[in-house]
Amino acid sequence: MNVRTRSSAVIGALCLVTSVALASASASPRDDAAKVALTQVATAKNPSAGTSGPGGAVWIAERAGTVRVLGKQGLGEPVLDISAETTTDGERGLLGIAFANDFKHFYISYTDLEGTSTIDEFAVHKGKLRPETRRTVLTQTQPYPNHNGGDIKFGRDGYLYIAFGDGGSGGDPHGNGQNLDTLLGKLLRIDPRGGKPYAIPRDNPFVGDPKAKDEIWAYGLRNPWRFSFDKGTGDLFIGDVGQSAWEEIDRAPAAGKGGENYGWSQMEGTHPFREGTEPANHVPPIHEYDRTGLGCSVTGGFVYRGKAIPRLRGQYLFSDYCDGTVRALKLKDGKVTGVSDLGVNGGEVVSFVQGGKGELYVLDLGGPVSRIDPAA
């Protein structure tokens with residue numbers, strides 16, 4: 001993500017009306033918006049990601065390399081510590097965690113001491129990690145310490161999806177976003193248990209294309225820092241961090257076959273980037289916003305499927321690392337019909353977490369872990 005430094009906890013260079021008329025990042029709360037509040041439930045050390053674990057418990061990753069479980073008294077002692085194996089230089093660190101759908105395996109996404117993006121797996125027994133079963137599933141070298149991406153999620157299909165940025169620097173100097181012969185600037189889809197070290201699903205869109213990597217599910221991404229699947233529909237949503245002018249939210253329907261080209265680095269949102277030409281197969285964002293306000297780096301969230309806030313159900317929540325305001329996109333048939341400022345600020349929002357019952361949490365890089373509750 002492209003983060004403008006605001007505190008000592010900032011991730012180095014870490015670093016959403018419909019597609020054209022979307023410059024609304026500084027919008028005031030709407031009268032028809034759901035009324036919500038943020039309830040701080042814990043404090044972490046630079047929380048970076050999270051996931052729902054066995055029994056619906058929320059697991060939180062801390063950027064330096066630890067994972068802790070949220071309980072009634074806050075976060076417990078680390079259940080995993082790889083701090084000696086990663087670095088917080090640039091945008092590096094422990095960047096993503098996920099459980100397989102049956103909770104029998106746990107996955108971490110981190111950059112090692114050399115900056116290589118690494119996906120490791122642990123077996124899980126009775127809700128606990130088995131460290132002795134750890135194995136590396138996939139690695140990807142990174143030419144620069146920014147735009148590592150790093151988010152991981154399991155889809156309804158049981159496959160592991162992995163987001164990688166374009167490799168870093170600025171302006172995609174190596175052209176990775178549109179190059180199908182690299183995993184950088186892509187969303188990948190693999191079967192981590194189907195082979196050694198993993199298998200390629202036969203229906204991946206580029207299987208059999210000698211000029212493309214079989215692991216690729218979608219491409220044309222700059223830094224897909226956070227993505228998610230809608231628990232209700234299975235649709236995919238990606239918050240892709242922009243270069244210098246536009247932040248975007250991309251979507252792919254659950255019934256899709258993959259292969260979407262989100263445009264980078266020919267496009268930044270719906271706008272040509274520099275002298276770029278829009279690809280014929282470009283899939284434009286469902287929402288974008290410019291940087292005339294306080295925003296600088298979109299943080300993708302989730303479609304709300306909890307029960308605590310009925311008026312929010314079916315809306316996609318997101319924020320921005322520099323602005324911190326939590327916003328919601330109203331959706332109909334996959335299209336945005338409105339955007340709401342929910343009237344709460346999560347601070348340096350680096351991630352959202354979806355609990356086992358569909359309730360959402362906001363992670364502030366400075367430490368606070370907050371649950372989105374109905375306003376009193």
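What you're looking at is a predicted model, where local features need pLDDT of at least 70, side-chain atom pairs count only at pLDDT 80 or more, and totals for chains, interfaces and linings use all residues. Residues are numbered from 1 along each chain as its sequence is written, and side-chain values use heavy atoms, with hydrogens and water left out.

**The chain as a whole**

Let's start with the big picture: there are 27 strands and zero helices. The chain's radius of gyration is 19 Å, close to the 21 Å given by the globule rule for 376 residues, so the chain is as compact as a globular protein of that length. (That radius is taken over C-alpha atoms, and the rule is 2.2 Å times the number of residues to the power 0.38.) Helices (H or I, at least four residues) and strands (E, at least two) are DSSP runs, numbered from the N terminus. Along the principal axes, the C-alpha atoms fill a box of roughly 55 × 55 × 40 Å. Of the 376 residues, 61% are buried, where buried means under 20% relative accessible area (1.4 Å probe, protein chains only).

**Spaces inside**

Now for the gaps. On a 1 Å grid over the protein atoms alone, a cavity is a set of points where a 1.4 Å probe fits but cannot get out, while a pocket is an open set with protein on both sides within 12 Å along at least five of seven lines; lining residues have an atom within 4 Å of a point.

At least two lining residues come from each of β2 (47–52), β7 (94–99), β11, β15 (226–229) and β25 (349–354). As for the largest cavity, β2, β15 and β25 each give at least two residues to its lining, which includes A49, G50, R226, F227, S351 and F352.

Is N148 buried or exposed? It counts as buried, because its relative accessibility is 0%. Beyond neighbours within four places in sequence, N148 is in contact with residues including E91, R92, T111, F164 and N223; contact means heavy atoms within 4.5 Å. H147 is buried as well, with a relative accessible area of 0%.

Most residues other than glycine have a negative phi, and most peptide bonds are trans. H147 isn't a glycine, yet has a positive phi of about 60 degrees. D172 has a positive phi too, near 55 degrees; this residue is in the loop between β12 (160–164) and β13 and counts as buried at 4% relative accessibility.

Then come the cis peptide bonds. One joins K196 and P197, with omega about 0 degrees, and P197 lies in the loop between β13 (186–190) and β14 (216–219). Another links W264 and S265, with omega about 5 degrees; S265 is in the loop between β17 (246–252) and β18 (267–268).

Terms used:
Buried < 20%, exposed > 50% of the residue type's maximum accessible area, 1.4 Å probe, protein only.
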